[in-house]
Amino acid sequence: MHEISLIRTVFNTLEAEFDAEELSRLQAVDLKVGLLSNVEPTLLQNAFAAVTQSEGKYETATLNIETVPVEVYCPVCDKNSPVKNYKFACSCGRPSSDVVSGTELLIHRIHFAEPAAVRST
Amino acid sequence: MQKIQRSSKAARGTVTCDNTTMHLLKANDFVAESIRKRMAEQNILLLNITSSAGSGKTTLLQETIKRIGDQANIKILVGDLETERDADRLRAVGGDALQIVTGGICHLEAQMVWQAMEGLNLDGVDLLIIENVGNLVCPASFDLGEDYRVTLIATTEGDDKPKKYPRMFLTSELMLVSKVDLLEYLPFSVDNVVADARDINPDIDVLELSTIKGTGVDAWCDWLLQKVAEKKEAAAVVAS
């Protein structure tokens, strides 16, 4: 959809959470992207490369994208089932639109290099 | 089933922040909650109307103003990439409409709605309708603080659309099948489109509509007035 602005949001989010020294050691960001999020991983990687190069920061960092399948919850069976063929239903056959995964669009994990002070000890 | 896409450069991370929950649309969702709260305080029903471009959103809203503009105090925010054309059309039938020009952005975000609301006098308003940018993809992901999301699908679009754009139909409470006056000329089955939509969202309500012939417009207006009344009743219960 709007992958460039999502990548900018990733960096804005990190800059709000961590200080410049910590971010200078940024190695990788892991995103979880649900299949219903309308976000295309390849385009997100391209956008990541474009933004880091054009802004000249985080150029050594990498982006890892985990796509998350769509699952719905069935209250009768008390379990989650994967959505197959765009049919939002439990494996028992009961329809359910209680989507428990697949809409994610979140920073799941962030990797930093060890700070210099820690490395020397 | 899970597939991890890694770039060619391997991370050598030694310090890791794990299982963070930094949602990338958190800023939008925060503003959407503020809108929801403000609408609750003022007892205003908020609708988000979505569809492909050209399915008849503006025409339906023109009919709505003509029919029930004297029974409910209605304001409209209408989003488009460029021009004031839709707001002009709505004003031409007596509607109180404000155009949000997104300047190329393919959807409305909560922040745009919040800012536009500053330009509206919401005193005594019963119903605020947001006509989203014509697009079945991106608007689906952006909560605008609405009570109900209503999605139009025109018979000219084909009856296979719900499963192509599952998130939109998953998040809508009502599907309006528009331009049903053209059914006799088109290979479009209302039964198929309803079955397709209910595979995704078993609870979705459906109305068939033709603004040209007048089909279903009364049912749509009744639905709107009923939802306005329900919102006011709910507010009265909270207040008492």
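Guide: Two strands count as paired if DSSP finds at least two bridges between them. The model discussed here is predicted.

Visitor: Which residue of E3(B) stands opposite Leu106(A)?
Guide: Strand E6 (residues 105-112) of chain A is joined to E3(B) by two bridges, and the two strands run antiparallel. That count meets the requirement of at least two bridges. Within this pairing, the residue of E3(B) opposite Leu106(A) is His23(B).

Visitor: How do the residues on the side of chain B that touches chain A divide into nonpolar, polar and charged?
Guide: The contact takes 38 residues from chain A and 37 residues from chain B. On the chain B side, elements giving two or more residues include strand E1 (3-5), strand E2 (15-17) and helix H7 (190-200) of chain B. By class, the residues of that side are nine charged, twelve polar and 16 nonpolar.

Visitor: Which strands stand at the edges of the open sheet in chain B?
Guide: Seven strands of chain B form this open sheet with parallel pairing, in the order E6-E5-E7-E4-E8-E9-E10. From one strand to the next, the twist averages 20°. Two strands have a single partner each, so one side of each is left without a neighbour in the sheet: E6 and strand E10 (205-208) of chain B.

Visitor: Which residue of E10(B) is opposite Met175(B)?
Guide: Strand E9 (residues 174-178) of chain B and E10(B) run parallel and are joined by four bridges. In E10(B), the residue opposite Met175(B) is Val206(B).

Visitor: At about what angle to E7(B) does helix H2 of chain B run?
Guide: Helix H2 (residues 57-68) of chain B lies across strand E4 (45-50), E5, E7, strand E8 (148-154) and E9 of chain B. Relative to E7(B), its direction is at about 160°.

Visitor: How wide an arc do the buried residues of H4(B) cover around the axis?
Guide: In helix H4 (residues 110-117) of chain B, the buried residues are Ala110(B), Met112(B), Val113(B) and Met117(B). They lie on the same side of H4(B), because the arc they cover is only 160°.

Visitor: Which residues outside its sequence neighbourhood is Val113(B) in contact with?
Guide: Among what covers the buried residues of H4(B) are helix H1 (26-41) and strand E7 (127-131) of chain B. Val113(B) is also one of the residues that touch the most other members in the largest nonpolar core, which has 59 residues. Leaving aside neighbours within four places in sequence, its contacts are Ile35(B), Leu77(B), Leu108(B), Ile130(B) and Leu144(B).

Visitor: Is Asn38(A) buried or exposed?
Guide: Asn38(A) lies in the loop between strand E1 (26-34) and helix H3 (41-55) of chain A. Its phi is positive, about 60°, although Asn38(A) is not a glycine. Most residues other than glycine have a negative phi. Because Asn38(A) has 21 C-beta neighbours inside 10 Å, it counts as buried.

Visitor: Is Thr83(B) buried or exposed?
Guide: Thr83(B), not a glycine, has a positive phi of about 70°. Thr83(B) is found in the loop between strand E5 (74-80) and helix H3 (85-92) of chain B. Because 10 other C-beta atoms lie within 10 Å, Thr83(B) is exposed.

Visitor: What distance separates the C-alpha atoms of Asn46(A) and Ala61(A)?
Guide: Asn46(A) is placed in helix H3 of chain A and counts as partly exposed, with 14 C-beta neighbours inside 10 Å. Along the chain, Asn46(A) and Ala61(A) are 15 residues apart, and their C-alpha atoms are separated by 14 Å.

Terms used. Residues numbered from 1 in each chain as written. Chains lettered and ligands numbered in written order. Predicted model: local features only at pLDDT ≥ 70, side-chain atom pairs only at ≥ 80, totals over all residues. Contact = placed C-beta atoms within 7 Å. Nonpolar A, V, L, I, M, F, W, Y, C, P; charged D, E, K, R; others polar. Buried ≥ 20, exposed ≤ 12 C-beta atoms within 10 Å, placed from the backbone. Arc of directions from axis to C-beta. Axes fitted to C-alpha atoms, helices over the stretch in contact; angles between N-to-C directions. Core = buried A, V, L, I, M, F, W, Y, C linked by C-beta atoms within 7 Å.
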